[in-house]
Amino acid sequence: MYDADDESERITVSPPLDPDESRLVGGLAGVGAGPRRVWPGQPSRRSPWLPCAEGCCLVLESRPHLGAGADPAAWLRFLIREVLAPRSAEALARAGQLGLPGSHRLQGRVLLDVDRARPSLVVVSSNRVRVIPLDDDLFPVERPPRRSPGEVVPLETRAVREGQRADR
């Protein structure tokens, strides 16, 4: 159940979506009168992201009929890149043909897959989407230390180590 006061379970959209944008985003999620498919590059059949009534945030709706193809992070990246904040010339042209103003800024975090063995957290900051894997206690999984591909060699010469000055 979505709690309107819980900012940790939604992605805020600034400025808020206008009614046409809300209708489009809702339609891509299979809700309302908006189009169900607009771009051939959509991540899957339906988006799991729904706009709130005011258009100020996106809420993740988990529906069993969405299937395994509805990856929330992939859909969020797609919505940002093509609908809410297009930047490339092609994406700007496609959005302009649909009358989408773009230039939205998204922020927030949403917990995913709580009931599964591998929970994760989708984090959006300045329109960049990251997925952070979590452990059973919902803490970020620590990455193993990076192995260096080479050998560490001291840069000082033997003469310098023994207190002599090496003039070159």
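Reader: Let's begin with serine 103: does it count as buried or exposed?

Author: This is a predicted model, so keep that in mind throughout. Serine 103 counts as exposed, because its relative accessibility is 61% and the cut-off for that label is over 50%. You'll find serine 103 in the loop between helix H3 (89–97) and E4.

Reader: What should I look for in the backbone there?

Author: Check phi. Most residues other than glycine have a negative phi. Serine 103 has a positive phi of about 55 degrees, although it is not a glycine.

Reader: Where does serine 126 lie, and what is its phi near?

Author: Serine 126 is in the loop between E5 and strand E6 (128–133). Its phi is near 50 degrees, a positive value in a residue other than glycine. With a relative accessible area of 35%, serine 126 is partly exposed.

Reader: And the peptide bonds? Which one is cis?

Author: The general idea: most peptide bonds are trans. Here the bond from serine 14 to proline 15 is cis, with omega near -10 degrees. Proline 15 has its place in the loop between E1 and H1.

Reader: On to strands. How do E1 and E3 pair?

Author: In a regular strand the side chains alternate between the two faces of the sheet. For pairing, look at the bridges. E1 and strand E3 (residues 57–60) pair in the antiparallel sense over two bridges, and threonine 12 has cysteine 57 in E3 as its bridge partner.

Reader: How many bridges join E2 and E3?

Author: Three: strand E2 (residues 49–51) pairs with E3 in the antiparallel sense. Leucine 50, for instance, has valine 59 in E3 as its bridge partner. E2 and E3 form a hairpin with five residues between them, and glycine 55 in the turn has a positive phi of about 80 degrees.

Reader: Now the inside. How many residues does the largest nonpolar core have?

Author: It has 26, and those with the most contacts inside it are Leu58, Leu76, Val83 and Leu106. Strand E1 (10–14), helix H1 (19–28), helix H2 (72–84), strand E4 (105–112) and strand E5 (120–125) each supply at least two residues of this core. The largest share, eight residues, comes from H2.

Reader: Which residues does valine 83 touch?

Author: Leaving out residues up to four places away in sequence, valine 83 touches Leu24, Val25, Leu28, Trp39, Phe78, Leu100 and Gly102.

Notes:
Residues numbered from 1 in each chain as written. Predicted model: local features only at pLDDT ≥ 70, side-chain atom pairs only at ≥ 80, totals over all residues. Heavy atoms only, no water. Core = buried A, V, L, I, M, F, W, Y, C linked by side-chain atoms within 4.5 Å. Buried < 20%, exposed > 50% of the residue type's maximum accessible area, 1.4 Å probe, protein only. Helix = DSSP H or I, 4+ residues; strand = E, 2+ residues; numbered from the N terminus. Contact = heavy atoms within 4.5 Å. Pairing = 2+ DSSP bridges.
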